[in-house]
Every structure is written in structure tokens, then in C-alpha cells.
Amino acid sequence: MPDTPDSRLPEFEREALPHLDALLGLALRFTGGDEARSEDLVQEAFLKAWRSWKSFEAGTNCRAWLMTILRNTFINQFRRGRSRGSDVEFDEIAERATDDDLFHADPEGLVLDRIVGEEIARAIEELPDEFRVPVVLADIEGLGYQEIAETLEIPVGTVKSRLFRARRRLQGRLYRHAVEMGYLG
Amino acid sequence: MSDKRGSGGGGRKPTDETTCEEALALVYEYLDGELEPERTDIVRRHLAQCRCCYPHFDFERMFLDYVRDVGGTPRSSPELRDRIRRILERESG
């Protein structure tokens, strides 16, 4: 039977579509919870995946392959949009104010147990792009600093400082949430 | 150089090689496994001697575990699944 696109579609759907939910989850992290943009990203990733389905080797990790396509699709858009500028300078002031309050207020990390994953996810979503994307690449995708630097085309030193500041910001956000919820005195 | 954040902890004094402030500046590189071997040793030696930084590093490790646990939480969207199916069928038709 000739290897026409048609004949391969059921196979593609069977192999790739089960990963749609995972891809959408990752897309939502990348876009900071922008549902429409995330759905478009996933759609574009699936289209690219389908067009290069021939190059996918059966037996290798389809999910990881799709995740890489999604990440590259997002990163390309991210790089294009970056010239619009960011609020990085403002952030420096914001996180100096929060610093490591959460540790000093709760060194045992007991509050972290009470803060639900959703709240941490929301805190990640609310980070400005320049901070959120390195966090997603490092902590969710498991990339190393050098890999993040190459992916985002920024120096490794910038990756380090973005991650440092992003994580401090997250703690500041969670600290304020814990205070609001009455978890901290 | 003393640690300006020090607040009554006995371990806040600088140890032989590095201050608490310097050690804490490296906390994420250390926990991410991104620190070169010599500096990893320096941080380890500091942590072995400093009663304040050890719990702080422990806290940061726990915090990172929580962030990583959040992951890319899967999200179901039957509408998107149908839309992608339609587009794929059109593409391959």
C-alpha cells in the first residue's frame, strides 16, 4: 500500500492525539494561562507534527517529540515578540521588596503544604514573560541553564539572574497569598 | 564582610571561605546542579558549618520541589481535539 498521507492519518491520530491534554497544559504554562493563545499553539504544533510525521521514528517517545515541537513553536513566537520590550527593570524593585519573606516567615515550609498547586500555578502564570519562560523551561521542562540560554538566545548569566529573581518573585507572591489566607500570623 | 540580613542567628557569621550572603546568592545554581565542582564544594563546606543557611537551602529545595510538582498540569479540551481533527483531515484530504 502506498504511504500516502491519508493512510497515515489514523496512525498519527492514535499516537499523537492522546498527548493533546499534556500539550495544552504545557502551552498554558508558557503563555501564562492565555487559553486562546495556548489552543492556537497546540493546534500549530499538531499541524507541524503531522507535516513531519514521516520523520518521526516509531518506538521513540512521541510525547517528548510533540513537546519539543510545541516548545520550539512557542519560543519562535516569543523571540519575535520580545522586541516589544519588557518590564524587567520594574521587577527588580518589586522583588527587592519581597526578598525572602516566605522563608523568614515560615522556615519549615509548612505554609507551602497548605498552598495548593493551583495557587503556585497561578503565581507562575502571573510572572512577566521574561521570567516565566525560563522558569517553565527549567522547572517544568527540565532544561539546563546552557540549553535555556541557547533556546532563548540570551547569555547564561542572564538565565541565572532571571531564574533567581523569578523564584524570589514567586515566593513573594505566595507569601502575600499566605498572609491573605491567614496561614501566616 | 558580614551578612546584612543576619538577625540573631549564631550561624550568620561568615565562615572560613564564604559569607551567608554569598552562599545564598548561589542557592539556585547549587540546587539546580549548575555550579562547577569547586564552587559546589565551597557551598557544601559553608552549609556544613552554618546553622542558618542549611535550613534556608532546605527551604529553597522544598520550594523548588513544589514548583516542579505543578508541572504542565494537563488540561482537557474536547473542542480543541475536534478542531484539530478537522484540520488534520482537511490537510490530508
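This is a predicted model: local features need pLDDT of at least 70, side-chain atom pairs count only at pLDDT 80 or more; totals for chains, interfaces and linings use all residues.
Visitor: Which residue has a positive phi although it is not a glycine?

Guide: That is A:Glu153, with a phi of about 55°. A:Glu153 sits in the loop between helix H10 (145-152) and H11 of chain A.

Visitor: Is A:Glu153 buried or exposed?

Guide: Exposed, because 9 other C-beta atoms lie within 10 Å of A:Glu153. With C-beta atoms placed from the backbone, 20 or more others within 10 Å make a residue buried, 12 or fewer exposed, and counts in between partly exposed. By that rule 35% of the 185 residues of chain A are buried, and 29% of the 93 residues in chain B.

Visitor: How many helices and strands does chain A have?

Guide: Chain A has eleven helices and zero strands; chain B has five helices and zero strands.

Visitor: Which residues touch the most other members of the largest nonpolar core?

Guide: In soluble globular proteins, nonpolar side chains tend to be buried together. A nonpolar core is a set of buried Ala, Val, Leu, Ile, Met, Phe, Trp, Tyr and Cys residues joined through C-beta atoms within 7 Å. The largest one here has 60 residues, and A:Leu23, A:Ala27, A:Val42, A:Ala45, A:Leu70 and A:Val135 touch the most other members. Leaving aside neighbours within four places in sequence, A:Val135 is in contact (C-beta atoms, placed from the backbone, within 7 Å) with A:Ile124, A:Leu127, A:Leu163 and A:Ala166.

Visitor: At what angle do the axes of H9(A) and H11(A) cross?

Guide: Their axes, lines fitted to C-alpha atoms over the stretch in contact, come within 9 Å and cross at roughly 100° on a scale from 0 to 180 degrees between N-to-C directions. That makes H9(A) roughly perpendicular to H11(A); under 35 degrees counts as roughly parallel, over 145 as roughly antiparallel, 65 to 115 as roughly perpendicular and the rest as oblique. Residues of H9(A) in this contact include A:Phe131 and A:Val135, and those of H11(A) include A:Leu163 and A:Ala166.

Visitor: Which residues of H8(A) meet H4(B)?

Guide: A:Gly117, A:Ile120, A:Ala121 and A:Ile124 meet B:Tyr66, B:Val67, B:Asp69 and B:Val70. The axes of H8(A) and H4(B), residues 53-70 of chain B, come within 9 Å and cross at roughly 90°. The two helices are therefore roughly perpendicular to each other.

Visitor: How many residues of chain A are in contact with chain B?

Guide: In total, 38 residues of chain A are in contact with 30 residues of chain B. H2(A) gives the most to the chain A side, with eight residues.

Technical notes:
Residues are numbered from 1 along each chain as its sequence is written. Chains are lettered from A and ligands numbered from 1 in the order in which they are written. Two residues are in contact if their C-beta atoms, placed from the backbone, lie within 7 Å. Helices (H or I, at least four residues) and strands (E, at least two) are DSSP runs, numbered from the N terminus.
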